[in-house]
Amino acid sequence: MKLKSTLLAAALLLGGNIYAQQHSEQDHSKYVAPTDPLVKEKLSKWQDVKFGLLMHWGTYSAWGIVESWSLCPEDEGWCERRGPHSHDWFEYKKAYEDIPKTFNPVKFNPERWAQAAKNAGMKYLVFTTKHHDGFAMFDSKYTDYKITNTPFKSNPKSNVTKEILAAFRNQGFMTGTYFSKPDWHTDTYWWPYFPPKDRNVSYDPKKRPEIWNKFKDFTYNQIEELMTDYGSVDILWLDGGWVRPFSTIDPNISWQKTIPYDQDIDMARIAKMARSHQPGLLVVDRTVTGEFENYVTPEQSIPDHYMSIPWESCMTMGDSWSYIPKENFKSAQKLVHTLVDIVAKGGNLLLNVAPGPDGEWHEEAYQRLEEMGKWMSINGVGIYETKPLAPYRAGKWAYTKKGSTTYAFYLAEAGEKLPATLKPEGLTLAANAKINLAGNKKALKLKAGTIEIPTKTATEIGQQPAYLFVIN
Ligand code: GLC
């Protein structure tokens, strides 16, 4: 048995690092700003914190494969099945849904994650409480397909969503629950009478309103559990944008054109309930546009330009959202540049780290966060609570401001030390501007718009992924 599952895991390894691109072409002119004062207040607080952690964790992590998607009967790269059961969809689904029988993340220690994320300068968390496969990483009473029904159930921390949210909250984080609207386990979504053809509901909700209504209630009830039993929650991050009313489909977006049925789950009812328990809650009904998408979420990409509406890029620290044994991590330099680029354009970065089957991160994830933290502890002053400043980005420069202070980031190339002179591109500096490098008191001289950096100062600053000039 053990051997069998090891072989299976090995056969599946090759599969994971492909993801579905679906959030790039949204029409942002349709953004609807919230009017509820508590939501507005939370949104502006969230916009100030800039940097958050996303974690994709589920039973798929045990096989080291893509999150959920291998269950989806679509002929797409990211849905590809691997391993001994892959030749038969029904057999595969059964084997996949048996993973909980052996799922046992005995090294689970959310305090260590929260500490590492805090040291990196992160200030909010979004955790996958339920992905498309329908496996609840919380103790839902509406399903048996859940973390508290695995060998891990005897662990006092088995309700992992509760433990994770509490650990991060204790470190001062805002917290968010990722929740997939589609649920490929429950038989009111993939109704077994028809085999599923793709990611969508397997029947027409208009023809079978009694089944669809059950699904709506199920969704509502599970979200209500998350909004009542898990302490204060700031963000309800809803994924699976194909579950949406027909009227919200944007015909210019290719993946939305293929949605076959109206899948209206009554977001107004869900949001009202959720906010009755969590006043001011940010609701992020991804890609749907309108009242229940308080901010937009470009995925694995950074907009080309500054965007005035609230937004967040979610990006992976490696290549995949979910754990794969051999992950290809981005450098700390790249991650710092990503954060600065996003903040300069008015957004937040939600950076994904994927816990493994035993409940641990790759060691590299801790290392990258530590390196980012070193940089943030000196340069975070130009990140947190700042506002974008035109020209936002110009060449190797990125700009933000706070009050009358201008922050000018110079995004150095790998290994590039501070040169003797630098001229911030696209920025006009007053002749009497007071300039220093973040973390260094030495006042720098300005000559004809060019900043002079004495060798001694450059040596003191050392080599950094990006250099921050503070200008008053
Ligand atoms: C992509 C993936 C999905 C993941 C999401 C995170 O849409 O397909 O599995 O949860 O990105 O943003």
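Domain bounds here come from an automatic or database domain assignment. On that basis the protein splits into domain 1 (9–380) and domain 2 (387–471). The model is a predicted one, in which local features need pLDDT of at least 70 and side-chain atom pairs count only at pLDDT 80 or more, while totals for chains, interfaces and linings use all residues. Residues are numbered from 1 along each chain as its sequence is written, and side-chain values use heavy atoms, with hydrogens and water left out.

The two domains have their C-alpha centres 37 Å apart. Between them they bury about 1,300 Å², 65% of it on carbon and sulfur atoms; buried area is the accessible area (1.4 Å probe) that two parts lose on being put together, summed over both. On the domain 1 side, Q333, A344 and W375 give up the most area to domain 2, together 34% of what that side buries. In terms of contact (heavy atoms within 4.5 Å), 14 residues of domain 1 meet 18 residues of domain 2.

D341 pairs with R393 in a salt bridge, with the closest N and O atoms 2.9 Å apart. On the side of domain 1 that touches domain 2, the elements giving two or more residues are α10 (332–344) and α11. Of these, α10 gives the most, with seven residues. Helices (H or I, at least four residues) and strands (E, at least two) are DSSP runs, numbered from the N terminus.

Then there is helix α5 (residues 110–120), where P110, W113, A114, A116, A117 and A120 are buried, that is, under 20% relative accessible area (1.4 Å probe, protein chains only). Looking down the axis of α5, these buried residues fall within an arc of 165°, so they line one face of the helix; the arc is that of the directions from the helix axis to the C-beta atoms. They pack against β1 (51–55), α6 (160–170) and α11 (363–379). Just past the end of α5, G121 takes a positive phi of about 100°.

Finally, D262 sits in the loop between α8 (254–257) and α9 (267–277). D262 is buried, at a relative accessible area of 15%. Setting aside neighbours within four places in sequence, D262 is in contact with P205, K206, R244, P245 and F246. A polar atom of the D262 side chain lies 3.0 Å from the backbone nitrogen of F246, and one lies 3.2 Å from the backbone nitrogen of D264.

Technical notes: Buried < 20%, exposed > 50% of the residue type's maximum accessible area, 1.4 Å probe, protein only. Salt bridge = Lys/Arg side-chain N within 4 Å of Asp/Glu carboxyl O. Polar contact = N/O pair within 3.5 Å; in protein donor to acceptor, adjacent residues only side chain to side chain.
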